[in-house]
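Welcome! Have a look at the fold below, and then we will walk through it piece by piece.

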Amino acid sequence: MGNSSDWYRRRRYIHFDPPVGERAAHAVVSSPARVAAHAFYPLIRFVIKSKKVKWDKAAKILVSKEKERHVSYAAHIDSHIYAYYALMLGERYEAYLGQSGFSSAVLAFRRLGKSNIHFARDAFDAIKALGECDVIASDFSDFFGNLDHAVLKAKWSAVLGAGALPPDHYAVYKSLTKYTYVERRYLYAALGISQHNPHAAGFRVCKPEDFRSTVRGLKLIQRHPDKHGIPQGTPISAMLSNIYMIDFDQAMWTAASEVGGRYFRYCDDILIIVPKGAGASFRKLAETLADVHHLPIHPEKTDERLFRMTPKGLSSVKPLQYLGFMFDGRDVFIRSASLARYSDRMRRGVRLARATMRRRNELRVARGEAPRDLYVGKLYKRYSYLGRRNFISYAIRASEVIGARTIKRQVRPLWARLKGAMRI
């Protein structure tokens with residue numbers, strides 16, 4: 001299998017067990033007998049809140065909606081087991097794809113040396129190559145939460161080329177389907193751990209005796225009761241989602257290829273590109289296959305776009321949205337929601353910087369020192385082309401990879417917007 005460095009990563013968070021060195025971790029993960037007998041700790045779960053910002057054309061204002069997502073993280077030795085088995089399964093999965101022929105359809109959670117920018121470019125190029133075509137873009141509702149355990153087990157065995165899961169693989173499978181978890185906020189409150197500075201508690205959440213008396217005693221441990229769903233956030237979850245989708249991907253890719261079309265899947269986002277007039281039947285096929293795999297397709301996130309030839313070239317009445325970009329048949333744009341989200345984040349960042357400057361200047365003046373101007377270096381790095389890893393640098397890179405000058409034109413006014421916010 002791959003090098004040890006491909007799976008081992010020292011994690012800094014605190015959990016029920018202390019961090020484990022590479023040699024000690026390897027002794028466990030490389031022994032099928034030890035993995036089969038391993039007692040997995042409960043996951044620690046928390047909620048990530050993200051804000052979706054959209055521009056309301058009618059009201060001409062930014063409208064934000066908060067979205068919550070549960071993320072779980074495993075104990076240290078458990079994480080190493082998951083990472084090791086993810087690497088092992090990844091190699092088997094790649095070999096399986098090499099024999100099946102649909103490798104080009106699966107985009108996410110693989111070492112392809114590409115980003116979503118490249119995947120979007122490839123999809124738009126496929127539309128241009130096909131010419132007049134129907135395109136269906138959709139995704140699944142609560143993807144990880146709906147993975148059926150029986151289907152997952154069968155596909156896991158298929159990738160291994162086995163009739164049933166070996167004992168060590170079964171132990172990993174069981175830990176992810178019949179998993180237990182503890183809500184982090186309740187755990188920290190019960191143990192007197194600071195939510196903002198948990199590392200002050202030491203290298204682990206609690207000692208084994210406290211785990212038994214407090215964590216178990218207060219009944220903080222909850223068990224996943226359903227026959228579907230795996231935790232999102234473990235080192236193996238992403239790999240298992242690809243394995244789960246093997247039959248779906250094979251069927252969609254085969255059907256699209258037979259009519260000269262293309263099929264792509266990026267995690268739970270699916271894109272089907274087929275000749276003119278075939279869109280309705282392929283949408284029905286996707287819905288049927290989704291039902292078979294117990295994965296509900298999100299009705300509000302399913303779009304069908306008809307690309308047709310016009311005097312100006314290939315065109316769609318409404319642009320196709322895919323992986324953060326929009327394509328109208330000729331030009332590629334960044335989604336307006338992404339631009340609105342950047343503007344909102346930039347304004348809040350500048351306001352925070354100015355408030356910090358005022359507080360510090362009050363202290364400086366009280367000490368008899370001269371006040372200082374707004375520190376702009378960090379703002380430029382975060383919100384302008386002068387930074388290497390921010391939205392603007394991403395947009396410029398996308399413009400170059402896709403070959404879309406339209407994207408550079410979209411972000412050009414943002415420099416003046418940043419300068420204006422800093423002057424207020």
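Let us begin with a pair of helices: the axes of helix α1 (residues 22–29) and helix α3 (residues 76–100) come within 10 Å and cross at roughly 60 degrees. Here an axis is a line fitted to C-alpha atoms, for helices over the stretch in contact, and angles run from 0 to 180 degrees between N-to-C directions. The crossing of α1 and α3 is right-handed; a crossing gets that name if the near helix is turned clockwise from the far one by less than a right angle, and left-handed if anticlockwise. Which residues make the contact? On α1 they are Ala 25, Val 28 and Val 29, and on α3 they are Ile 77, His 80, Ile 81, Tyr 84 and Tyr 85. Contact means heavy atoms within 4.5 Å. By class, the residues where α1 meets α3 are seven nonpolar, one polar and no charged. In this count Ala, Val, Leu, Ile, Met, Phe, Trp, Tyr, Cys and Pro are nonpolar, Asp, Glu, Lys and Arg are charged, and the others, Gly among them, are polar.

A word on the model and its labels: it is predicted, local features need pLDDT of at least 70, side-chain atom pairs count only at pLDDT 80 or more, and totals for chains, interfaces and linings use all residues. Residues are numbered from 1 along each chain as its sequence is written, and side-chain values use heavy atoms, with hydrogens and water left out. Helices (H or I, at least four residues) and strands (E, at least two) are DSSP runs, numbered from the N terminus.

## The nonpolar cores

In soluble globular proteins, nonpolar side chains tend to be buried together. The largest nonpolar core in this model has 65 residues, and those with the most contacts inside it are Phe 140, Trp 156, Val 172, Ile 236, Leu 240, Phe 248 and Phe 282. Such a core is a set of buried Ala, Val, Leu, Ile, Met, Phe, Trp, Tyr and Cys residues joined through side-chain atoms within 4.5 Å. Buried means under 20% relative accessible area, exposed over 50%, and partly exposed in between (1.4 Å probe, protein chains only). Several elements each supply at least two residues of this core, including α5 (149–160), α6 (167–177) and α11 (279–292). Helix α3 gives the most, with twelve residues. Apart from this core lies another, of 45 residues, among them Val 332, Ala 353, Leu 379 and Ile 392.

Helix α9 is mostly covered, with seven of its eight residues buried. What covers those buried residues includes α3, α5, α6, α10 and β6 (262–266).

## A sheet of five strands

Strands of a sheet pair through backbone hydrogen bonds, either parallel or antiparallel.

Two strands pair if DSSP finds at least two bridges between them. Strand β3 (residues 133–139) and β7 pair over seven bridges; Asp 139 has Asp 269 as its bridge partner in β7, while Ala 137 stands opposite Leu 271. Five bridges join β6 to β7. These two strands form a hairpin with two residues between them, and Cys 267 in the turn has a positive phi of about 60 degrees.

## A sheet of three strands

Another open sheet has three strands in the order β10-β11-β12, and the pairing is antiparallel. At its edges stand β10 (320–322) and β12 (332–334), each with a single partner strand, so one side of each is left without a neighbour in the sheet. Its twist averages 30 degrees from one strand to the next. Three bridges join β10 to strand β11 (residues 325–327), and one of the pairs is Leu 320 with Phe 327.
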